[in-house]
Amino acid sequence: RNYFKKAVKQKGETGHNLLIMLESRLDNTVYRLGMSNTRSGARQLVSHKHITVNGSIVNIPSFLLKPGDLVSIREKSKSLESITNSLAVNNEIVDWLEWNDSNMIGKYLSVPERVQIPENIQEQLIVELYSK
């Protein structure tokens with residue numbers, strides 16, 4: 001998908017729209033919830049059908065989540081060493097996500113505001129690069 005083209009078509013600032021779409025991706029959300037220590041590891045978990053969204057297996061890392069969506073680990077994947085190790089270490093959850101440790105379910109609460117995204121990204125530079 002070309003997220004930049006979609007971001008340009010939406011109302012509001014293109015750079016902010018682009019960041020929101022990237023933060024709404026399933027693989028990024030799996031990473032942010034702490035199911036994986038890396039984004040590439042999260043992408044692999046999704047691709048290998050270890051993750052469900054609203055109870056259905058989704059194996060598309062670029063799947064875009066909507067507020068209210070529930071992201072969880074498949075029952076037979078909950079004991080995977082990579083997942084349990086990552087969850088044991090990672091306990092910082094961003095404001096727009098919620099994690100229930102007892103049943104290993106995360107919830108995509110809302111679309112993040114720009115100030116909530118912790119990375120120091122200069123999205124205007126990205127917009128300028130792709131606008132050429």
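Reader: How many salt bridges are there by your rule?

Author: The count comes to four salt bridges, where a salt bridge is a side-chain nitrogen of Lys or Arg within 4 Å of a carboxyl oxygen of Asp or Glu. Keep in mind that this is a predicted model, so local features need pLDDT of at least 70, side-chain atom pairs count only at pLDDT 80 or more, and totals for chains, interfaces and linings use all residues. Residues are numbered from 1 along each chain as its sequence is written, and side-chain values use heavy atoms, with hydrogens and water left out.

Reader: OK, what does Glu 23 pair with?

Author: Glu 23 forms a salt bridge with Arg 32, and the closest N and O atoms are 2.7 Å apart.

Reader: Are those two buried or exposed?

Author: Both Glu 23 and Arg 32 are buried. Buried means under 20% relative accessible area, exposed is over 50%, and partly exposed is in between, using a 1.4 Å probe and protein chains only.

Reader: And which residues of helix 2 are buried?

Author: Nine of the ten residues in helix 2 (residues 14-23) are buried, so it is mostly covered. Among them are Thr 14, His 16, Asn 17 and Glu 23. Helices here are DSSP runs of H or I with at least four residues, strands are runs of E with at least two, and the numbering goes from the N terminus.

Reader: Switching to Arg 43, what does its side chain meet in a salt bridge?

Author: That would be Asp 27, at 3.5 Å from N to O. Arg 43 sits in helix 4 and Asp 27 in helix 3, so the pair ties together parts that are 16 residues apart in sequence. Asp 27 counts as buried at 9% relative accessibility, while Arg 43 is partly exposed at 42% relative accessible area. Arg 25 joins Asp 27 and Arg 43 in a network of salt bridges.

Reader: What about Lys 78, where does it lie?

Author: Lys 78 is in the loop between strand 3 (70-73) and helix 5 (81-89). Glu 75 forms a salt bridge with Lys 78, with the closest N and O atoms 3.3 Å apart. Glu 75 itself is exposed, with a relative accessible area of 65%.

Reader: Which backbone oxygen does the Lys 78 side chain reach?

Author: The one on Asn 103, at 3.2 Å. Leaving aside neighbours within four places in sequence, Lys 78 is in contact (heavy atoms within 4.5 Å) with Ile 73, Thr 84, Asn 103 and Met 104.

Reader: New topic: how many residues are in the largest nonpolar core?

Author: That core has 23 residues, and those with the most contacts inside it include Leu 26, Met 35 and Ile 73. A nonpolar core is a set of buried Ala, Val, Leu, Ile, Met, Phe, Trp, Tyr and Cys residues joined through side-chain atoms within 4.5 Å. Helix 4 gives the most to this core, with three residues.

Reader: What is Met 35 in contact with?

Author: Leaving aside neighbours within four places in sequence, the contacts of Met 35 include Val 30, Ile 51, Ser 72 and Trp 99.

Reader: Ser 72, then: buried or exposed?

Author: Ser 72 is buried, with a relative accessible area of 12%, and its place is in strand 3. A polar contact of 2.6 Å joins the side chains of Ser 72 and Thr 52. Such a contact is a pair of N or O atoms within 3.5 Å; within protein, one must be able to donate a hydrogen and the other to accept it, and residues adjacent in sequence count only if both atoms are side-chain atoms.
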